[in-house]
Amino acid sequence: IIGTSNGLVWLSDPKKELGENWLNISNGLPPGYVSSVKLSASSTEKCFVTLSTKQQNNYTSHVYASYDAGQHWKNIHGNLPNVPVYDIFVYPGRSDSLLFVGTDIGVYATITAGATWERLGDDMPFIPVFDIELDSDKNRLIAGTFARGVQTFSLTELVKKYAVGTEETFHSTPIEWISTLVDSELNINFSSEGEHTLKIID
């Protein structure tokens, strides 16, 4: 899959030799230049695209997902601020629900496949992030920034503590929980006292 500066997204026809025939799958995407395209690690039908319309003085965030190889596109920018988006990273092994985007003001993350987003971490200044990669050996996110070099963020606690579908923030970790399945019952032990709200999305 490739994206071009004139706003088109192309997918290599899986029935042909690699690169022999390209399908234009841009229908349904807004005009703008394609800043990033990514394929799912879990499904050949899923792909993700970010676009930027900054050149047209339009600072709307554009993040899209397709679950049928580009036949239809779904807007997943949710509550992202209206800033250009330059890159997207799909964390493997989380059913494509754990996503990260590099924007004009830092890195944002979602654990709900784009339904809601939150700025990742507290230490990165509000700077453009043009490239996001994963250091799988140390399980940390690597962000290539403008003017502040390369910065990293450890994902160990996030991946361990935030199951897909939870609504904890990425800034603090007041609750730790361990779940076990016994005879089809889910037992959850919270390490902090007081009331807790648990939302389970099936």
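Trainee: Which residues is V101 in contact with, leaving aside neighbours within four places in sequence?
Mentor: This is a predicted model, so keep that in mind. In it, V101 is in contact with V63, L80, V85, D87, I88, G106, V107, Y108, W117 and I132.
Trainee: And where is V101 found?
Mentor: V101 is in strand β9.
Trainee: Is V101 buried or exposed?
Mentor: V101 counts as buried, because its relative accessibility is 0% and the cut-off for buried is under 20%.
Trainee: How far are the C-alpha atoms of V101 and H77 separated?
Mentor: By 9.8 Å. Along the chain, the two are 24 residues apart.
Trainee: What about T103? Which strand does T103 lie in?
Mentor: Strand β9, which covers residues 99-103. T103 is buried, with a relative accessible area of 1%.
Trainee: What does the T103 side chain reach?
Mentor: The backbone nitrogen of I105, at 3.1 Å. T103 also touches residues beyond four places away in sequence, among them V83, Y86, Y108 and I127.
Trainee: Y86 is on that list. Which residue does Y86 form an aromatic pair with?
Mentor: The count of aromatic pairs comes to 1. That pair is Y86 and F130, and it is tilted: 4.5 Å centre to centre, with 45° between the planes. It links distant parts of the chain. Y86 is in strand β8, F130 is in strand β12, and they are 44 residues apart.
Trainee: Are those two buried or exposed?
Mentor: Y86 is buried, at 6% relative accessible area. F130 is partly exposed, at 41%.
Trainee: Another ring, then. What sits over the ring of F126?
Mentor: The charged end of R119, 3.9 Å from the ring centre.
Trainee: New topic: sheets. What order do the strands have in the open sheet of 4 strands?
Mentor: The order is β4-β5-β6-β7, with antiparallel pairing. The edge strands are β4 (33-39) and β7 (74-75), and each pairs on one side only.
Trainee: Over how many bridges do β6 and β7 pair?
Mentor: Over 2 bridges, in the antiparallel sense. Strand β6 covers residues 62-66. Y64 stands opposite N75 in β7.
Trainee: How far apart in space are Y64 and G28?
Mentor: 9.8 Å, C-alpha to C-alpha. In sequence they are 36 residues apart. G28 is in the loop between β3 (22-24) and β4.
Trainee: Last one: is G28 buried or exposed?
Mentor: G28 is exposed, because its relative accessible area is 55% and exposed means over 50%.

Conventions. Residues are numbered from 1 along each chain as its sequence is written. This is a predicted model: local features need pLDDT of at least 70, side-chain atom pairs count only at pLDDT 80 or more; totals for chains, interfaces and linings use all residues. Side-chain values use heavy atoms; hydrogens and water are left out. Two strands pair if DSSP finds at least two bridges between them. Buried means under 20% relative accessible area, exposed over 50%, partly exposed in between (1.4 Å probe, protein chains only). A polar contact is a pair of N or O atoms within 3.5 Å; within protein, one must be able to donate a hydrogen and the other to accept it, and residues adjacent in sequence count only if both atoms are side-chain atoms. Contact means heavy atoms within 4.5 Å. Rings of Phe, Tyr and Trp (its six-membered ring) pair if their centres lie within 6.5 Å; planes under 30 degrees apart count as stacked, over 60 as edge-to-face and the rest as tilted. A charge sits over a ring if NZ of Lys or CZ of Arg is within 6 Å of the ring centre and within 35 degrees of the ring normal.
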